[in-house]
Amino acid sequence: MAYLEIVGLGKRFGGADVLHDVDLSLEQGQILSLIGPSGEGKTTFLRCLNFLETPDRGIIRLNGETLFDADRPKGRQTHRQAFGLVFQAFHLFPQYTVLENVTLAPTLAKKGSKAALQQKAMDLIAKVGLTDKANAYPNTLSGGQQQRAAIARALAMEPDVLCFDEPTSALDPLLTKEVLNVIRLLKDEGRTMIVVTHEMAFAREASDRVAFLNGGTVAELGTPQEVFGAPKTEALRRFLRQ
């Protein structure tokens, strides 16, 4: 049994199926990259995993436990913290320093004493290379620094699976490298991650599995060598050429 299993996941908005029959699995410590054209359901998929959207159909299992079953939805919100999400546009609270952004959610969730949470936050801030910015406000940081602070904030809640929604799309090449280096560091630590990305070189080099979403479903799934080296569908071949 895989560490993470998604079976038949579906989501509708109005009369349109944005996701339908999405089947994915991932082992603990692996990175899954989600690639595909814009508007094909990648962000909606992450939002469903984090229960920012409620799926209409399907099952989500983590480490053998059913977190969500559309036929038995009662109590699903208690599992929100199983997944962390790093947003495309950072979404740091502008009125709080980096340290305050990282400690806010664990403090509200009563995950420890103030001193313990502060120390843990500083350790995470150091991990993403922002020790000297701990007391800085978001508007004084570069885009790459803001995204690294957002990663530390997501890690502070100790998610089982960390999700990234196009974490480098708003960054220039140098800042993109900063953020991708942090993700590679987390991979080396054995973190389980799902990354929506348009960085094909990163997806090819850092992923354990790659899923191509097209038309709201998984059109191809495999190792980077399989997906990039031997695409089976014309849709994926066309996407990779572009």
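**Helix packing and a buried strand**

Me: At what angle do helix α4 and helix α5 pack, and how far apart are their axes?
Reply: In this predicted model, axes are lines fitted to C-alpha atoms, for helices over the stretch in contact, and angles run from 0 to 180 degrees between N-to-C directions. Helices (H or I, at least four residues) and strands (E, at least two) are DSSP runs, numbered from the N terminus. Residues are numbered from 1 along each chain as its sequence is written; local features need pLDDT of at least 70, side-chain atom pairs count only at pLDDT 80 or more, totals for chains, interfaces and linings use all residues, and side-chain values use heavy atoms, without hydrogens and water. For α4 (residues 143–156) and α5 (residues 173–188) the angle is about 25 degrees and the axes are 8 Å apart.

Me: How are α4 and α5 oriented to each other?
Reply: Angles under 35 degrees count as roughly parallel, over 145 as roughly antiparallel, 65 to 115 as roughly perpendicular and the rest as oblique. The angle here is about 25 degrees. α4 and α5 are therefore roughly parallel.

Me: Is strand β3 buried or exposed?
Reply: Buried means under 20% relative accessible area, exposed over 50%, partly exposed in between (1.4 Å probe, protein chains only). I31, S33 and I35 cover one side, L32 and L34 the other, and all are buried. So β3 (residues 31–35), with 5 of the 5 residues below that cut-off, is largely enclosed by the rest of the structure: buried.

Me: Which residue of β9 stands opposite L34?
Reply: Two strands pair if DSSP finds at least two bridges between them. β3 and β9 (residues 209–214) pair in the parallel sense over 4 bridges. Opposite L34 stands A211.
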